[in-house]
Amino acid sequence: MVKLIITDMDGTLLDDNNNINEEFWNIEKELNKKGIIFAAASGRQYYNLLHRFSPIKDDMLFIAENGTYVMYKNEELYINTIPKEEAVELINASRGIKETRVVLCGKKSAYIEPGNEKFMNEVNKYYTELKIVDDLTKVDDDILKLAVCDFIGSEENSYTHYKKFEERYKVVISGKIWLDLMMPDANKGKAVEMIQKKLGISYDETMVFGDYLNDLEMMSTGKYSFAMKNAHPLLKEHCNFTAESNNDNGVIKAIKKYVL
C-alpha cells in the first residue's frame with residue numbers, strides 16, 4: 001500500500017501555465033482520509049510552496065530548494081547549507097557568464113541583485129519571500145543553494161562554466177533556463193530517504209513523480225517512480241513507470257489509477 005506520494009512541481013504537477021488542476025484538491029482530501037502523506041518536492045522556495053498549498057499546508061510535507069530544506073507540520077526536519085565563503089566563491093564565478101543572473105536561496109528569504117523585467121518575471125514565479133540587495137556576497141542568512149537563471153539555456157551555457165565545480169558541489173540542470181548549485185550530498189533523493197526513515201515508510205510504499213534532472217536521485221526512492229511523458233530523456237531511463245504529461249493532468253491520473 002502506498003503511504004507517501006511525492007511530486008515535483010514545474011513540468012510535473014503544474015501545467016505549462018503554472019496552474020494546479022482543480023481536481024487535485026479533492027484528490028488530496030481522499031489521500032488524507034486514507035492516511036497517505038502528500039509531499040511537494042521542488043527547486044522552489046519553501047515559502048512559495050507554502051503559499052501555493054495554503055489550504056492544505058498543515059496536512060502535507062514540503063521538500064524545498066531541491067532537497068536542502070524539509071518542513072512537515074511546521075517542524076524543520078532537515079536543512080543542508082552552503083558555508084558563507086563557498087557561497088561567495090560560487091556567486092563570483094557567475095559574474096562573467098553571459099545572460100545569467102543569480103538567485104541566492106536562503107532559509108529566511110531569497111536574494112537577488114537589481115535586474116531587468118525579464119529576470120524579475122522569472123524570479124517572481126518561484127520566490128515569495130524575496131529581497132533585492134546591492135551585493136549578494138554580503139547577505140547574512142543560512143544559504144541553501146544558488147539558482148542561476150540562464151536565458152541562453154542552462155545545459156548549453158552556464159553548466160559548461162560551472163562543470164568544473166562538480167567535484168565539490170552538486171551542480172544540477174533543474175530546468176531549461178535554471179541551474180542549481182548545492183552541497184555535494186544535497187538532492188531530493190537524500191531528502192526523501194531521510195523522510196522515509198523518520199516516518200517509517202518503505203521503498204515499496206512510496207510513489208514519486210518528476211520531469212527533470214533535479215528529480216533523478218528521487219526516482220530511486222520509490223517503487224512507483226513516474227517520469228512524466230514530457231520528462232528529460234535521461235530521467236525516463238531511471239523510472240519504473242511513465243505518467244501522462246503535465247498538461248494532461250498526468251500526476252492525478254496516475255494517483256487515481258494506482259492508489260485510489
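**Before you click**

You're looking at a predicted model, where local features need pLDDT of at least 70 and side-chain atom pairs count only at pLDDT 80 or more, while totals for chains, interfaces and linings use all residues. Residues are numbered from 1 along each chain as its sequence is written, and side-chain values use heavy atoms, with hydrogens and water left out.

**Stop 1: salt bridges**

A search of the whole structure turns up 16 salt bridges (a salt bridge is a side-chain nitrogen of Lys or Arg within 4 Å of a carboxyl oxygen of Asp or Glu). Select Asp8 and Lys188: they form one of these, with their closest N and O atoms 3.0 Å apart. The pair links distant parts of the chain, 180 residues apart: Asp8 sits in the loop between strand 1 (4–7) and helix 1 (9–13), and Lys188 in helix 7 (residues 188–199). (Helices, H or I with at least four residues, and strands, E with at least two, are DSSP runs numbered from the N terminus.)

Through shared partners, salt bridges join Asp8, Lys188 and Asp215 into one network.

Are Asp8 and Lys188 buried or exposed? Both are buried, and Lys188 and Asp215 are both buried as well. (Buried means under 20% relative accessible area, exposed over 50%, and partly exposed in between, with a 1.4 Å probe and protein chains only.)

**Stop 2: helix 2**

Now pick Lys256 and Glu23, another salt bridge, with the closest N and O atoms 2.7 Å apart. Lys256 is in helix 9 (residues 250–258) and Glu23 in helix 2 (residues 23–33), 233 residues apart. Lys256 counts as partly exposed because its relative accessibility is 40%; Glu23, at 30%, counts as partly exposed too.

Stay on helix 2 and colour Phe24, Ile27, Glu28 and Leu31, which are buried. Look down the axis of helix 2: the buried residues fall within an arc of 100° (taken from the directions from the helix axis to the C-beta atoms), so they line one face. On the face turned away from that buried side, you'll find the exposed residues Lys29 and Lys33.

**Stop 3: the cavity**

Go back to Lys188. Along with Asn66, Val172, Met182, Asn187, Asn214 and Glu217, Lys188 lines the largest cavity, whose volume is about 30 Å³. (On a 1 Å grid over the protein atoms alone, a cavity is a set of points where a 1.4 Å probe fits but cannot get out, and a pocket is an open set with protein on both sides within 12 Å along at least five of seven lines; lining residues have an atom within 4 Å of a point. A volume is the space filled by probe spheres set on the points.)

**Stop 4: the pocket**

Last, select Asp10, Gly11, Tyr126, Gly175 and Lys176, which lie nearest the centre of the largest pocket, among its 30 lining residues. About 760 Å³ of space lies in there. Which element gives the most to this lining? Helix 5 does, with 3 residues. Finally, colour domain 1 (4–79 + 186–259) and domain 2 (84–182): both give residues to the lining, so the pocket lies between them. (These domain bounds come from an automatic or database domain assignment.)
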